[in-house]
Amino acid sequence: MKGKEEPAGLEDLLVLACRLGARDAAVIPSGDIPVEDNLAELCKTPGCENYGQGAGCPPHVSGPSGFRELVKQYRKAIVFMLEVPSEALFSNEREGLFRLLHEIASSIERAAVSMGYGRSKAFAGGSCKQLFCQHHAQCRVLSGKGGCRNPDLARPSMSGFGINVSKLMQAAGWSMSRAVKTEKDAVAMGTLCGLVLIG
Ligand code: SF4
C-alpha cells in the first residue's frame, strides 16, 4: 500500500479500500492514468452485450476525450485492486465480485467527499445494468423515468473511457496476474481494478 506522504486523509482511504476487500490500494498522479481511444471502441466493435444498456456505459458516457478533459481537473487518484482466483471470474461468482468492485469504489468516493474532497469521482468495471438492474427491462436513467436505482453503488465502467487497466495497474506498481502457491497446487490469480479521482 503506497501513499504515506500523501495529502490529508488519503492514507485513510487506502486503508478503507483494503478493509472493504481490496488486496492493495495506491495513490497515483492523475496524469498517470492511461487512456486509449481504441480500447473504448472495443465496447462497440466487436461489441459488448451490454453496450448502450446502462447510463454508465458507452455511448452514454463522455468517452476518452471527455475523460481526458475531466482528469485535468484532478491531481491525484486512488487505484485499488482485488485479487481473486482466475477461475472465479469464469464462474457464477463473477457478478458478485464485480458488485464488490463497485461497492468499494463508491465507498471510497463517499469517504473522500466526507473528508472534503467534494469533487471525487469513482469508476469501476463491468456494466451496472447487468450487475444491478438485470431484472429491470431498462436503465431508469436512460428511460427518462427517474434517477439511478443504485446511486450508492453503481459507478461507470472504466472501459467506456478507454482506460487501460493493465497499464493503470503498472502505474500503481502491480502486475495484472500471478500464481499463488497453495498446499496442493499453484492457483492462478486474476485481478479487478477500480479508480477514484480525488479532488
Ligand atoms: S439505473 Fe441501473 S442500469 Fe441505470 S445507471 Fe443506475 S444501476 Fe446502472
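This is a predicted model: local features need pLDDT of at least 70, side-chain atom pairs count only at pLDDT 80 or more; totals for chains, interfaces and linings use all residues.

Let me begin with I198, which touches L10, L13, Y74, K76, A77, I78, A112, Y117 and S120, leaving aside residues up to four places away in sequence; contact here means heavy atoms within 4.5 Å. Residues are numbered from 1 along each chain as its sequence is written, and side-chain values use heavy atoms, with hydrogens and water left out.

I198 also belongs to the largest nonpolar core, which has 32 residues; L13, F80, I108 and I198 have the most contacts inside it. Such a core is a set of buried Ala, Val, Leu, Ile, Met, Phe, Trp, Tyr and Cys residues joined through side-chain atoms within 4.5 Å. Buried means under 20% relative accessible area, exposed over 50%, and partly exposed in between, with a 1.4 Å probe and protein chains only. At least two core residues each come from helix 1 (10-19), strand 1 (24-29), strand 2 (76-85), helix 5 (94-114), helix 6 (128-132) and strand 5 (186-198). Helices (H or I, at least four residues) and strands (E, at least two) are DSSP runs numbered from the N terminus. Helix 5 gives the largest share, eight residues. A second, separate core of 23 residues includes V79, I163, M169 and C193.

I turn now to helix 4, where G63, P64, G66, F67, L70 and V71 are buried. Viewed down the helix axis, the buried residues fall within an arc of 160°, so they line one face of helix 4; the arc is that of the directions from the axis to the C-beta atoms. These buried residues pack against helix 2 (37-41), strand 3 (121-123) and strand 5.

In the loop between helix 3 (43-47) and helix 4 (63-71) we find N50. N50 is buried, at 11% relative accessible area, and touches S127 and Q130, again not counting residues up to four places away in sequence.

Finally, the cysteines. How many disulfides does a search of the whole structure find? It finds zero, a disulfide being a pair of cysteine sulfur atoms within 2.5 Å. The sulfur of C43 lies 6.5 Å from the closest cysteine sulfur, in C48, which is too far for a bond. C43 is buried, at 12% relative accessibility. For C18, the closest cysteine sulfur is that of C193, 13 Å away and too far for a bond; C18 is partly exposed, at 25%.
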